[in-house]
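Please read its points with the model in view.

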Amino acid sequence: MSKEIPYKIYLTEEEMPKAWYNMRADMKNKPAPLLNPGTLKPMTAEELSGVFCEELVKQELDDKTAYFEIPEEIRNFYKMYRPSPLVRAYCLEKKLGTPAKIYYKFEGNNTSGSHKLNSAIAQAYYAKKQGLKGVTTETGAGQWGTALSMACSYFELDCKVYMVKVSYEQKPFRREVMRTYGASVTPSPSETTNVGRKILAAHPGTTGSLGCAISEAVEVATSTPGYRYVLGSVLNQVLLHQSVIGLETKAALDKYGIKPDVIIGCAGGGSNLGGLIAPFMGEKLRGEADYQIIAIEPASCPSFTRGKYAYDFCDTGMVCPLSKMYTLGSDFIPAPNHAGGLRYHGMSTTLSQLYDDGLMEARSVKQTEVFEAAETFARVEGILPAPESSHAIKAAIDEALKCKETGEEKTIVFGLTGTGYFDLVAYEKFHDGIMEDYIPTDAELAESLAKLPKVE
Ligand SMILES: *Cc1c(COP(=O)(O)O)cnc(C)c1O
């Protein structure tokens with residue numbers, strides 16, 4: 001096993017995955033179904049197809065089929081920016097003086113600067129195939145909106161983006177990238193929808209949240225002929241598309257006979273983590289191998305570590321189906337001084353079930369320590385990481401330092417989901433020493449959790 005490991009392990013086009021992997025097929029305890037908020041019955045394909053594209057509804061509801069072939073058009077688009085490199089972090093290992101071997105899968109090598117393009121292109125493809133005119137969506141930090149704008153311009157679809165107001169104001173450059181790809185961008189909450197007007201009346205001056213923006217985008221999609229709504233995280237279909245990350249990672253490691261011990265990813269809605277761990281979790285579920293899998297979330301928005309596993313609304317306006325997940329309550333909004341992304345109140349139902357079954361762990365980290373880790377990483381590995389990704393960096397560094405104490409030569413793999421060029425206001429706050437950590441109190445969490453819908 002002395003084959004020299006290169007700094008970057010690439011796959012050839014031929015070695016790239018030809019099918020996505022659906023973890024749910026191998027789960028004994030399936031994730032709970034989405035419920036109709038009116039009847040509390042599982043959402044049917046027919047009900048969902050008013051909101052989502054037909055093919056995506058099929059993927060959403062299918063917890064039996066393990067592999068979905070990736071259509072050739074999507075595989076060809078992937079070839080423009082994939083395979084993404086799996087990098088051996090030799091420089092970081094040296095800096096830390098750790099015997100651990102650290103690898104990261106870098107998804108920031110495309111204009112959207114994140115993994116989100118992997119699902120955006122799939123969702124735009126199915127919308128186009130269905131003959132739709134366009135799609136609507138929400139975006140928080142802007143990566144998803146950018147990815148979707150790119151995907152829509154490729155397939156000549158109209159793209160309407162509702163952008164969380166605080167990001168719209170803080171990240172004007174992100175907005176211009178989206179407009180370059182032809183998308184229209186509206187700050188949310190806005191006066192352009194019923195639900196936006198209602199939220200503004202109830203919370204004047206609100207800086208918005210992903211939950212609000214989702215409600216607005218869904219309203220526009222369902223009230224405009226030829227439009228459907230698409231979502232960049234949380235949903236099963238998104239985890240399915242993102243499995244390309246894990247499948248590539250596994251194929252690259254297998255080339256060198258490397259078996260990871262620890263797999264780490266940041267978790268907002270759970271899509272990159274769900275994608276990265278997919279084939280590894282599959283082996284774990286089938287009893288073929290074991291891995292330590294860790295989700296990392298911000299201490300200011302701690303869905304896994306302090307939330308409740310319960311049915312909740314996916315959005316603030318309560319127009320979306322109910323989803324059983326680890327949640328902080330649908331009107332939980334992280335403190336405005338939280339700059340590090342990963343602001344969603346809930347979590348993927350699939351990851352929630354896996355976490356509840358003890359198949360993965362979760363930890364929360366504070367944003368100042370996240371930016372410290374980001375800076376350490378940038379200085380030795382060169383890449384300017386997104387704050388979201390830096391949650392995973394922080395945890396990977398912690399694990400590597402533990403190995404330094406114990407002398408263990410663990411192999412650690414983490415997901416480096418994107419770059420941080422649009423997050424420089426947050427980096428500036430950190431460098432100026434004015435970044436604060438905000439950790440919600442139990443009383444604050446109890447307040448939003450008290451409003452969970454009563455199911456059963
Ligand atoms: C959106 C995003 C995330 C978090 O979303 P998940 O669905 O939890 O993966 C993490 N990193 C980057 C760079 C993102 O753009």
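In which loop is Glu-156 found?

1. Glu-156 lies in the loop between helix 6 and strand 7 (158-164). Helices (H or I, at least four residues) and strands (E, at least two) are DSSP runs, numbered from the N terminus. Glu-156 is not a glycine, yet its phi is positive, at about 55°. Glu-156 counts as exposed because its relative accessibility is 68%; exposed means over 50% relative accessible area, buried under 20%, and partly exposed in between (1.4 Å probe, protein chains only).

2. A word on the basis of this note is in order. The model is predicted, so local features need pLDDT of at least 70 and side-chain atom pairs count only at pLDDT 80 or more, while totals for chains, interfaces and linings use all residues. Residues are numbered from 1 along each chain as its sequence is written, and side-chain values use heavy atoms, with hydrogens and water left out.

3. Val-234 also deserves attention. Its phi is near 65°, a positive value in a residue other than glycine. Val-234 is placed in the loop between strand 9 (227-229) and helix 11. Its relative accessibility is 8%, and Val-234 therefore counts as buried. As background, most residues other than glycine have a negative phi, and most peptide bonds are trans.

4. One joins Arg-82 and Pro-83, with omega at about -5°; Pro-83 lies in the loop between helix 3 (72-81) and strand 4 (86-88). Another cis bond runs from Ser-188 to Pro-189, with omega near 5°. Pro-189 belongs to the loop between strand 8 (184-188) and helix 9 (194-202).

5. The next point concerns helix packing. The axes of helix 6 (residues 143-155) and helix 8 (residues 172-180) come within 8 Å and cross at roughly 15°. Axes are lines fitted to C-alpha atoms, for helices over the stretch in contact, and angles run from 0 to 180 degrees between N-to-C directions. Helix 6 and helix 8 are therefore roughly parallel to each other (angles under 35 degrees count as roughly parallel, over 145 as roughly antiparallel, 65 to 115 as roughly perpendicular and the rest as oblique).

6. Which residues form this contact? In helix 6, Gln-143, Gly-145, Thr-146 and Ser-149 meet Arg-174, Val-177 and Met-178 of helix 8; contact means heavy atoms within 4.5 Å.

7. Asn-236 is located in helix 11 (residues 236-255). With 11% relative accessibility, Asn-236 counts as buried. Apart from neighbours within four places in sequence, Asn-236 contacts Arg-24, Glu-60, Thr-349 and Thr-350.

8. Two strands pair if DSSP finds at least two bridges between them. Strand 10 (residues 262-266) and strand 15 (residues 411-416) run parallel and are joined by 3 bridges. Ile-264 has Phe-414 in strand 15 as its bridge partner.

9. Strand 12 (residues 308-313) is mostly covered, with 5 of its 6 residues buried. Its pairing with strand 13 (residues 322-327) is antiparallel, over 6 bridges. Ala-310 stands opposite Met-325 in strand 13.
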